[in-house]
Amino acid sequence: MIAPRSSFHEGHRRKFLVVIDDTPECDRAIVYAAKRAQRTAGGVVMLYVIVPEAGAPRWLGVEEVMRAEAYGAADEVLARAVERARQIAGIIPETAIREGNRAEEIVNLIGADTDIAILVLAAGTDSEGPGPLVTAIAGRAAGTFPVPITIVPGTLSDEEIVAGA
């Protein structure tokens, strides 16, 4: 059970959650969330989820090295995303790195931070559909998801996103 949102209570502010990855459309979600947070005096939380590889070696030393490399890569991707949000809207987002299933970790973070009020995703632009995360969350779980979901079309320019944020 997810706790009620507290983002509009005194001493709290509404936060927009963006799932960060290496996809081109991820930048569309960053632009929207950063500008929306700036315009509404809110905040942004950026989540990077490390998805364990199926069949990866479970030997103690190898697993630790692989985990350290994954966290290093996550830190780099998050640093670029934070800098992008700072350039766009002058805000410094909070960051989180989790390990596991993306959809489950998104819900877990929302449950842990009652100020997260909106999940911002961006749809992919290729012919294979909107992308696995949008499909997983908006398709199967949308009816029971704990916060509203905003999906930004991946084809919009910065200017078009800013105009609607």
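This text walks through the structure from its sheet to its cores and then to its salt bridges.

The model is predicted, so some limits apply: local features need pLDDT of at least 70, side-chain atom pairs count only at pLDDT 80 or more, and totals for chains, interfaces and linings use all residues. Residues are numbered from 1 along each chain as its sequence is written, and side-chain values use heavy atoms, leaving out hydrogens and water.

Start with the sheet. Five strands form an open sheet, in the order β3-β2-β1-β4-β5. The pairing is parallel. Strands here are DSSP runs of E with at least two residues, helices are runs of H or I with at least four, and both are numbered from the N terminus. Two strands pair if DSSP finds at least two bridges between them. Which strands sit at the edges? They are β3 (94-99) and β5 (149-152), and each pairs on one side only. Neighbouring strands of this sheet are turned by 25 degrees against each other on average, direction ignored. Such angles run from 0 to 180 degrees between N-to-C directions, with axes fitted as lines to C-alpha atoms, for helices over the stretch in contact.

Now look at one pair of strands. Strand β2 (residues 43-50) runs parallel to β3, and six bridges join them. Here I50 stands opposite E99 in β3.

Next, find helix α1 (residues 26-40). Helix α1 lies across β1 (15-19), β2, β4 (116-122) and β5. Its direction is about 170 degrees to that of β1.

Turn to the nonpolar cores. A nonpolar core is a set of buried Ala, Val, Leu, Ile, Met, Phe, Trp, Tyr and Cys residues joined through side-chain atoms within 4.5 Å. Buried means under 20% relative accessible area, exposed means over 50%, and partly exposed lies in between (1.4 Å probe, protein chains only). The largest core has 31 residues. Those with the most contacts inside it are V18, I20, I30, M46 and V120. The elements that give two or more residues to this core are β1, α1, β2, α2 (60-89) and β4. Take V18 as an example. Leaving aside residues up to four places away in sequence, V18 touches A29, I30, A33, V44, V45, M46, L47 and V120. Contact means heavy atoms within 4.5 Å. A second, separate core has 17 residues, including I110, L119, L121 and V134.

Last come the charged pairs. Side chains of opposite charge can pair when their charged atoms come close. In a salt bridge, a side-chain nitrogen of Lys or Arg is within 4 Å of a carboxyl oxygen of Asp or Glu. How many salt bridges does the structure hold? It holds 10.

In one of them, the side chains of E94 and K15 meet at 2.9 Å, N to O. E94 lies in strand β3 and K15 in strand β1, so the pair ties together parts that are 79 residues apart in sequence. E94 is partly exposed, at 34% relative accessibility. K15 is buried, at 8%.

Another salt bridge joins D158 and R28, with the closest N and O atoms 2.5 Å apart. D158 lies in helix α5 (residues 158-164) and R28 in helix α1, so this pair ties together parts that are 130 residues apart in sequence. D158 is partly exposed, with a relative accessible area of 26%, whereas R28 is buried, with 9%. A network of salt bridges links D27, R28, R84 and D158.
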